[in-house]
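Reader: Please take a close look at the pockets of this model, and at what lines them.

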Amino acid sequence: MPYEWNKELYADILKSISEIPEPTANVVRCITEDKYKHLVVDAEEEYFTHPDGPYEGTKFDLKRDNEYTGKRLVRHVQAVKFYGKVLQQAIDDVAAAGGGQVIVPRGKFFVGAIVLRSGVDLHLCEGSKLHFMRNKTNEYYPVRLSRWEGVECMNFSPFIYADGGENISITGFGTLDGAADEFNWMPWKFGYFGETDQKIQREKLFEYSSKGTPVEERVFDDQVSTLRPPFIQFYHCKNVRIENTTIKNSPFWEINPVLCENVLIRGVQIATDLYNNDGVDPESSKNVLIDSCYFLTGDDCIAIKSGRNEDGRRIGVPSENIIIRRNRFANGHGGITTGSEISGGVRNVFADGNFFDSPNLDYPIRFKTNAMRGGRLENIYVRNSVVNKSRVAVVHADFYYEEGHEGEFLPLLQNVTLDGFSTAEGGSIDAEHALYMKGFPDAPIRNVTLRNMDLSGVKGEAVLRNVADLTLDNVTINGRKLADGTFSFNDNGERA
């Protein structure tokens, strides 16, 4: 039976989000107040440039340019006024007084990692910018409990962090600038310019997880760590609000609520076209609304996650009750992605009225898992969406991602409906496939419904392997209406 839109649950999620308290101005502190002047300190920001100047090609060209990436970077130091202690003290003062606002006025302020406290609204006035120091040291980014690619560890602090906070927010039309670029933070991704490849510490972290090493012993300090921290990570928090702010140049994932409940992300502008710069990654979180945001990213715009492998199963908390509506996906290779760190499962996702407009978009809707990740993925409804590009497939679900069938945790993907999905007027999505869905013979993808779809610019045939109960209802591809009905496909792609 086709999975239908659950009006009652949708309304319940919105009701829960509406109960997030509005930021209060009971107590207001501004970081330029005279009382904080003594906390402004002279500091040196370390940063790097390339001896040949910025790269003139694309980041894809850069991967193949061994001569350019083989050169050593040039180290620079600039004197700055450091406001990190000011900002943290203002946050602590407001929290101690029972809550209120910390104001960042117009201007540029250099800071390091900050901890947001319960009851505090970090308000960025229009024209303000928090510039995060490019020094990759624990002086500016202390070791803190974090989740990195779905695995818990003690790593560089996320740039804005909270653990156990309640009624916390970031608001205003200012800018959070992580200052990451091809030469700062990012070289760790591939080991460019003689830097250490993050793969070494990444594999060590995953080994810690597989062996069950206590989290407090999984320490990645600045002596060894090449694990780029996320920009905003709120851990075990309730009633979270992020509104209107611009977030750019993050070293890693941009907004990553972990084990949170009641999260509102609205009107946010995200602009980081580098590597692994997912826009919003709700992880093991409940009641999340992502509304009217703009995504220009170098990876997935939205990626729903719930922990990786052993850590995901150990914690065992799904992501659930997520609404994604009225967003524009202006760049990124994935639109709305579920996975790949999805071992805790996901359920009840509603996507409505989104515009997939990225020229580099490979898949508007994607599911990534395998028999190492596992996870129960179910009850996902996408409707009223327009797509302007989809180079690989409009719907991409692949259980053979990375390790494929090599594992003991067979995933489940069921109850997925796309209703009202169309190509932009007069456009062509230039897709290799309308559908690319590959389940396992012993774990087929189940109960997928495509309804009221009109796609233009599809080049090849659908790839359907181990799919049970695929329902087509008023689906048109390249001007040709497909036969309505419910179909199943075996491991050879033949009608079962």
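Author: Some terms come first. Helices (H or I, at least four residues) and strands (E, at least two) are DSSP runs, numbered from the N terminus. A pocket is found on a 1 Å grid over the protein atoms alone, as an open set of points where a 1.4 Å probe fits, with protein on both sides within 12 Å along at least five of seven lines; lining residues have an atom within 4 Å of a point. This is a predicted model, in which local features need pLDDT of at least 70 and side-chain atom pairs count only at pLDDT 80 or more, while totals for chains, interfaces and linings use all residues. Residues are numbered from 1 along each chain as its sequence is written, and side-chain values use heavy atoms, with hydrogens and water left out.

The largest pocket holds about 1,000 Å³ of space, a volume being the space filled by probe spheres set on the grid points, which are joined across faces, edges and corners. Its lining has 44 residues, and Lys189, Tyr275, Asn276, Gly298 and Asp299 lie nearest the centre. Helix H2 (59-64), helix H5 (199-211) and strand E27 (363-368) each give at least two residues to this lining; the largest share, 4 residues, is from H2.

Of its 21 lining residues, Glu461, Ala462, Ile477, Arg480 and Leu482 are the closest to the centre. E34 supplies the largest share of this lining, 4 residues. The lining of the second largest pocket divides into 16 nonpolar, 2 polar and 3 charged residues.

Terms used. Ala, Val, Leu, Ile, Met, Phe, Trp, Tyr, Cys and Pro count as nonpolar, Asp, Glu, Lys and Arg as charged, and the others, Gly among them, as polar.
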